[in-house]
Amino acid sequence: MHFEPEIEYQPQPVIRRFQEDKLHELLLYLKEKSPYYRSLFNREKIDVSGIRTLDDLALIPPTNKRDLQLNNG
């Protein structure tokens, strides 16, 4: 992942768009690489391609430390 320090000095809408782009990349990565999240997305019928904004994060149930410990494979 590439860090872009200049994003800190951008207007709020630019920062938000940057964050949402990174969120989308992360969700696609999790769907492909993480058995736990792939299972969660399937079980909850979550289409990660439809999660495009920070507000859309509310569609994903919270994950706690225990969930990750039980599914650390």
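These legends cover the whole chain first and then several close-up views.

This is a predicted model, in which local features need pLDDT of at least 70, side-chain atom pairs count only at pLDDT 80 or more, and totals for chains, interfaces and linings use all residues. Residues are numbered from 1 along each chain as its sequence is written, and side-chain values use heavy atoms, with hydrogens and water left out.

View 1. Helices (H or I, at least four residues) and strands (E, at least two) are DSSP runs, numbered from the N terminus. The pattern along the sequence is α-α-α. The radius of gyration, taken over C-alpha atoms, is 14 Å, well over the 11 Å that the globule rule gives for 73 residues, so the protein chain is more spread out than a compact globule. That rule is 2.2 Å times the number of residues to the power 0.38. The C-alpha trace spans about 40 × 20 × 20 Å along its principal axes. Buried residues (under 20% relative accessible area, 1.4 Å probe, protein chains only) make up 23% of the 73 residues.

**View 2. Helix H1 packs against helix H2.** H1 covers residues 12–33 and H2 covers residues 35–43. Their axes lie 6 Å apart, at an angle of about 100 degrees. Axes are lines fitted to C-alpha atoms, for helices over the stretch in contact, and angles run from 0 to 180 degrees between N-to-C directions. H1 and H2 are therefore roughly perpendicular to each other, a term for angles of 65 to 115 degrees.

**View 3. Residues of H1 meet residues of H2.** Contact means heavy atoms within 4.5 Å. From H1 come Leu27, Leu30, Lys31, Glu32 and Lys33; from H2 come Pro35, Tyr37, Arg38 and Phe41. These residues divide into five nonpolar, no polar and four charged. Ala, Val, Leu, Ile, Met, Phe, Trp, Tyr, Cys and Pro count as nonpolar, Asp, Glu, Lys and Arg as charged, and the others, Gly among them, as polar. Leaving aside neighbours within four places in sequence, Leu30 is in contact with Tyr37, Arg38 and Phe41.

**View 4. The largest nonpolar core has 11 residues.** Such a core is a set of buried Ala, Val, Leu, Ile, Met, Phe, Trp, Tyr and Cys residues joined through side-chain atoms within 4.5 Å. Its members are Leu23, Leu27, Leu30, Tyr36, Tyr37, Leu40, Phe41, Ile46, Val48, Ile51 and Ile60. H1 and H2 each supply at least two residues. H2 gives the most, with four.

**View 5. Glu20 sits in helix H1.** Glu20 is buried, with a relative accessible area of 7%. Not counting residues up to four places away in sequence, Glu20 touches Arg52, Thr53 and Leu54.

How values were computed: Angles under 35 degrees count as roughly parallel, over 145 as roughly antiparallel, 65 to 115 as roughly perpendicular and the rest as oblique. Buried means under 20% relative accessible area, exposed over 50%, partly exposed in between (1.4 Å probe, protein chains only).
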